[in-house]
Amino acid sequence: MKILVPSLSLFSVVFIGVSAICGQSLPDANPFAPSGSPTLRLENRASAAASKQASKPAQEDEPNVDDNDVVRVSTSLITVPAEVMDRSGRFIGHLNKDDFRIFENGVEQDLAYFASVDQPFTVALLLDVSGSTKSRLEAIRSAANTFISRLRPNDRLLLVSFDGKVNVLAESVTLNQLRKMRVRLDAVNDGTVLYDTVNFALNQRLAAIKGRKAIVLLTDGVDGGSKQAGYKQNIRDAEESSVVIYTVRYNTLPDLPERLSQIKDAKTRERLRVKMTRDYIAGGTYLQSLSDRTGGRLYDAESLTDVPRAFSAITEELGRQYSLGYYPKGQTQPGEKRDIKVRTRTANLVVHARASYVVGANSARSGGQD
């Protein structure tokens, strides 16, 4: 199992500028501009909120936001992303609502929501940029270019990096809006607030957005310094959400001996080695759980050169997903785990979808349907 550590941080100072991006291929201009380019700073929550207000599309019945900027959505609609293949592994993209059946705890549900493979996604791209060698900077830029270039014109992107703090680089924007932006991140902070970043994306941004949503997370899986959220809370929130999460785990384990060699005291060095090894294992389990419990996938990257290939596979998969939604029949209780099975009415088709969800406090029902 390949896992990574906050103190073995991935990336050095990052300067990101997003310029012309169009359709399914990268333009000649590099969207990640050099540090001398004009920039728009999005370094704190206040500026991020202002950008969000200016760039997000108009929505009806906006959810209320509490004093901590955590969105509380009062709905019991359960949404399930699903892919459909035939027995030969070819993806099926022409189905409609009546082709699907969905079951919760063995009881067939009435489909109340359906989105075809052509409908857009809002994707949160979360990049671990905690400090490391400058030689890796170009690789992460290239990987992000690959991901952005493969978004469809009607998809929207939330771009976030994280080190010792959460850095909002672009709120939920279209590719047209992205072309006009320059975003600069000019500081590296100690630590890796992985859990806080996942919490931020799930509860403070994506929860307020309607439609199909996904998180794509590039990290080693190991947190260092989060204060607003933790491992278990992230997993629970992911299970309660309608967001599909894809994780790309970049392997920094080979860097461990070199980093430890800088510690002179043998006992301290050994104690740190044991702790880091344990953290690596826990980080791998964390990333696998986020993906498995939301219907996404975990991709392993031995090096940053493997990341663009993983990003390409994720964007391709997003373009093949249906989204199904239903209001659960009967009684549900907060914290209860409910099994989900998705089937098609056509024989010999295979469906890949999330297998369960956890009932949130706002999704609990006293019985029956609205």
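**Notes on the salt bridges**

1. Glu 239 is buried, with a relative accessibility of 7% (buried means under 20% relative accessible area, exposed over 50%, partly exposed in between, using a 1.4 Å probe and protein chains only). Its partner in a salt bridge is Arg 293, at 3.4 Å from N to O (a side-chain nitrogen of Lys or Arg within 4 Å of a carboxyl oxygen of Asp or Glu). Glu 239 sits in helix H5 (residues 231-240) and Arg 293 in the loop between helix H7 (266-292) and strand S12 (298-301), so the pair links distant parts of the chain, 54 residues apart. Arg 293 is partly exposed at 34%.

2. A word on the basis: this is a predicted model, where local features need pLDDT of at least 70 and side-chain atom pairs count only at pLDDT 80 or more, while totals for chains, interfaces and linings use all residues. Residues are numbered from 1 along each chain as its sequence is written, and side-chain values use heavy atoms, leaving out hydrogens and water.

3. Lys 329 and Asp 110 form another salt bridge, their closest N and O atoms 3.8 Å apart. Lys 329 lies in the loop between strands S13 (322-326) and S14 (331-332), and Asp 110 in the loop between strands S4 (107-109) and S5 (111-115), so the pair ties together parts 219 residues apart in sequence. Helices (H or I, at least four residues) and strands (E, at least two) are DSSP runs, numbered from the N terminus.

4. Within helix H7, Asp 279 and Lys 275 are 4 residues apart, about one turn. Their salt bridge has its closest N and O atoms at 2.8 Å.

5. The structure holds 16 salt bridges. Glu 83, Arg 297, Glu 316, Glu 317 and Arg 320 are linked in a network of them.
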